[in-house]
Amino acid sequence: MLLAALGAATIAVPVADMVAPDNGLPGPTARHVDLGYPTPHEVLASPVHASTSLLPAVRGVRPTSESASRSLDRDPLPGCDGDARTTGSNGQIPASDLCSLWEPNHMLRGDAAVALAELNTNFRAVYGRDLCLTDSYRPLAVQRRLAQTKPTLAATPGRSNHGWGLAVDLCNTVTGNASAMEWLRANGPTYGWDNPPWARRGGSGPYEPWHWEYTPGTTAMGSNWS
Ligand SMILES: [Zn+2]
């Protein structure tokens, strides 16, 4: 927009200067003629309306204040380097290889954690609160216990994506909020996070709208269960 206006103005000025007066009097200068276009000076002095936002183009994200914009520019997860370390086996990953999330006692693999924190930052900008989690990285012992208490829902111990630090379960305050779920389904994949097809209604596995996975990680691991 700015460049187009500048181009038009730049061309218009010399044309006006070339208009020859036929009465012998000094001709009008470009400065006094209404060119029908803004002069380069006017263009440069006028506020630029083009968006300079660095926000990713995420549906529903409308920062309402300067502070909201600044918060989106901050490090999404301070203290997490975002590395994908997979030194341990499923459910036996040392805490030093995981990153802590915004909720106490919740950890994920670095790349999945940073991506989820970015998604959460945008979720918070829209809904005014953090994504609520009931589960994230799940140690093998917890997975074994879950397999006994909820055999239809829990993956075979050693196969869960929770054990790789690549899955979270959302609170029912999130899954019970139709707007929030629609927002997450629309925007989660932008950050690599999705409710996998098997967990959706009519999917090949148990219906688990609360179970979300970091797709780049699970695809690379070739793992796909709750
Ligand atoms: Zn889960």
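This is a predicted model: local features need pLDDT of at least 70, side-chain atom pairs count only at pLDDT 80 or more; totals for chains, interfaces and linings use all residues.
Q: In what order do the strands of the open sheet lie?
A: Strands of a sheet pair through backbone hydrogen bonds, either parallel or antiparallel. Two strands count as paired if DSSP finds at least two bridges between them. In this structure an open sheet of four strands has the order β3-β4-β6-β5, and the pairing is antiparallel. At the edges are β3 (133-135) and β5 (193-194), each of which pairs on one side only.

Q: Which residues stand opposite each other in these pairs?
A: Between β3 and β4 there are two bridges, and aspartate 135 has aspartate 169 of β4 as its bridge partner. Three bridges join β4 and β6, where alanine 167 is partnered by glutamate 213 of β6. Two bridges link β5 with β6 (residues 211-214), and aspartate 194 stands opposite that glutamate 213.

Q: Are the residues on the two faces of β4 buried or exposed?
A: In a regular strand the side chains alternate between the two faces of the sheet. Buried means under 20% relative accessible area, exposed over 50%, and partly exposed in between (1.4 Å probe, protein chains only). Ala167 and Asp169 on one side of β4 are buried, as are Val168 and Leu170 on the other. Of the protein's 226 residues, 38% count as buried.

Q: What lines the largest cavity?
A: On a 1 Å grid over the protein atoms alone, a cavity is a set of points where a 1.4 Å probe fits but cannot get out, and lining residues have an atom within 4 Å of a point. There is one cavity of 30 Å³ or more. The largest cavity has a volume of about 40 Å³, a volume being the space filled by probe spheres set on the points, with grid points joined across faces, edges and corners. Its lining consists of Leu116, Leu119, Leu131, Val168, Leu170, Leu184, Trp193 and Trp212. Both α4 (110-127) and β4 (167-170) supply at least two residues of this lining.

Q: Where is aspartate 83 found, and what is it in contact with?
A: Contact means heavy atoms within 4.5 Å. Aspartate 83 is in the loop between α3 (66-73) and β1 (98-100). Leaving aside neighbours within four places in sequence, aspartate 83 is in contact with Arg109, Gly110 and Asp111. The C-alpha atoms of aspartate 83 and aspartate 111 are separated by 5.4 Å, although the two are 28 residues apart along the chain. Aspartate 83 counts as partly exposed because its relative accessibility is 38%.

Q: Why does asparagine 105 count as exposed?
A: Asparagine 105 counts as exposed because its relative accessibility is 79%. This residue lies in the loop between β1 and β2 (107-109). Phi of asparagine 105 is near 65°, a positive value in a residue other than glycine.

Notes
Residues are numbered from 1 along each chain as its sequence is written. Side-chain values use heavy atoms; hydrogens and water are left out. On a 1 Å grid over the protein atoms alone, a cavity is a set of points where a 1.4 Å probe fits but cannot get out, and a pocket is an open set with protein on both sides within 12 Å along at least five of seven lines; lining residues have an atom within 4 Å of a point.
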